[in-house]
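Please look over the structure below before reading on. The notes that follow cover helix packing and salt bridges.

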Amino acid sequence: MAELSVPTIESFTVTLIVRRFDPENDTEPKWEDFDVEMYGTDRVLDALHKIKWEQDGSLTFRRSCAHGVCGSDAMRINGRNRLACKTLIKDLDISKPIYVEPIKGLPVEKDLIVDMTPFYKAYLEINPFLVATDKPNKERLQSPEDRARYDDTTKCILCAACTSSCPVFWTDGQYFGPAAIVNAHRFIFDSRDENAELRLDILNDKEGVWRCRTTFNCTEACPRGIEVTKAIAEVKQAILRGRA
Amino acid sequence: MSVTIETPSRPRTRKQANWEKYGWLFMRVSGPLLIVLIFTHLVVNLVLGDGIKAIDFAFVAGKWADPFWQVWDLAMLWLALIHGTNGMRTIVNDYAGQVKVRRALTTTLWAVCALLILLGTLVIFTFDPCPAGASAELLASFCPAQ
């Protein structure tokens, strides 16, 4: 009988250096490194799982769907904001350690978990829901062109990668931040919505769109490929025009 | 079963009016203007004619005898100072967390800006290369002997 040959799948060892903070014992965060055996199909999230499940159960991070849709696991990987579940380890430079930190600009609660409250508060302020006074018996119709007008900004998953990559937000937490403006854009340019003026008025605030310095950090950080800086610029233009 | 949903729109207590929109617009308008103004200024002063060797007291005096260059330099002075000060104010707003520090720095910035604009404007319009009654050794060589 012929010997059954099972091809071995190539694996490699990577070092993850994780920024850790335990509010009960630490006064400030510290770096801790872990070596993990990984495969070409593994993502940073898999490495974090492996650490948590096999090496140190106290490692704390958020994740829900683990497939780039829920937006829970935005973190700073090698100095760039990404979703851990969408970042393949083999795409990073594995000859060097991989640095994993919590996203910046929001208070760290534990390890990679930050307090998202300020982020959601800014999001709530722009009224992120459809406002329409008509009471139709059927769905509200919209032409494909009108739908395409705000298509890009519907893709937001509120992961905070953009807002926490924004240098203005880092130094001034009062700024609405890119994510709130993106979600305002989604309704401002929706032909069915009637409240564009209120949203434009809200974003004409001292801490609104005018704080944007067009550094494009947000566009680069967005794991959904939203052209965030462009959306902010369109909101600026709409404020100048006085309408969507 | 019916569910009553309250009107979700929360009335927003309007914060104090602000000039950020106009500040932003000013930066956008003055920026391109300054590029034209400054580079023309540099080319005229440093490249055209005798180039950099032409610059001396007489050269400046000659330019400011022309209302065209007076207005040109005036526009450059005002736009550059306000543009620069507003840019500095933005940086202060970013990095000065405390309200008192922020206010003090911003006030200082605008005070300095206003003073420089005032002095600069005064010089452009009252400049006289050969002031009457000045002692002879202080006067430029091209001034008519008194």
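**Briefing: helices and salt bridges**

The axes of helix H3 (residues 67-95) and helix H4 (residues 99-126) of chain B come within 10 Å and cross at roughly 175°. This is a predicted model, in which local features need pLDDT of at least 70 and side-chain atom pairs count only at pLDDT 80 or more, while totals for chains, interfaces and linings use all residues. Residues are numbered from 1 along each chain as its sequence is written, chains are lettered from A in the order in which they are written, and side-chain values use heavy atoms, with hydrogens and water left out.

**Helix pair in chain B**

- Axes here are lines fitted to C-alpha atoms, for helices over the stretch in contact, with angles from 0 to 180 degrees between N-to-C directions.
- H3(B) and H4(B) are therefore roughly antiparallel to each other, a term for angles over 145 degrees.
- The residues of the contact between H3(B) and H4(B) comprise 15 nonpolar, 7 polar and 3 charged; contact means heavy atoms within 4.5 Å.
- Nonpolar covers Ala, Val, Leu, Ile, Met, Phe, Trp, Tyr, Cys and Pro, charged covers Asp, Glu, Lys and Arg, and polar covers the others, Gly among them.

**Helix H1 of chain A**

- Helices (H or I, at least four residues) and strands (E, at least two) are DSSP runs, numbered from the N terminus.
- The 12 residues of H1(A) (residues 44-55) should span 16 Å at 1.5 Å a residue, and the end C-alpha atoms are 15 Å apart, which agrees; the expected span is 1.5 Å times one less than the number of residues.
- Buried residues of H1(A) include A:Val44, A:Leu48 and A:Ile51, where buried means under 20% relative accessible area, exposed over 50% and partly exposed in between (1.4 Å probe, protein chains only).
- The buried residues of H1(A) pack against strands S1 (11-20), S2 (30-39), S3 (74-77) and S5 (98-101) of chain A.

**Salt bridges**

- Over all chains the structure holds 22 salt bridges, each a side-chain nitrogen of Lys or Arg within 4 Å of a carboxyl oxygen of Asp or Glu.
- A:Glu101 and A:Arg76 form one of them (3.6 Å, N to O).
- That pair links distant parts of the chain, with A:Glu101 in strand S5 and A:Arg76 in strand S3 of chain A, 25 residues apart.
- Both A:Glu101 and A:Arg76 are buried.
- In the salt bridge of A:Asp172 with A:Arg211, the closest N and O atoms are 2.3 Å apart, and both residues are buried.
- A:Asp172, A:Glu207, A:Arg211, A:Arg213 and B:Asp94 are linked in a network of salt bridges.

Key
Angles under 35 degrees count as roughly parallel, over 145 as roughly antiparallel, 65 to 115 as roughly perpendicular and the rest as oblique.
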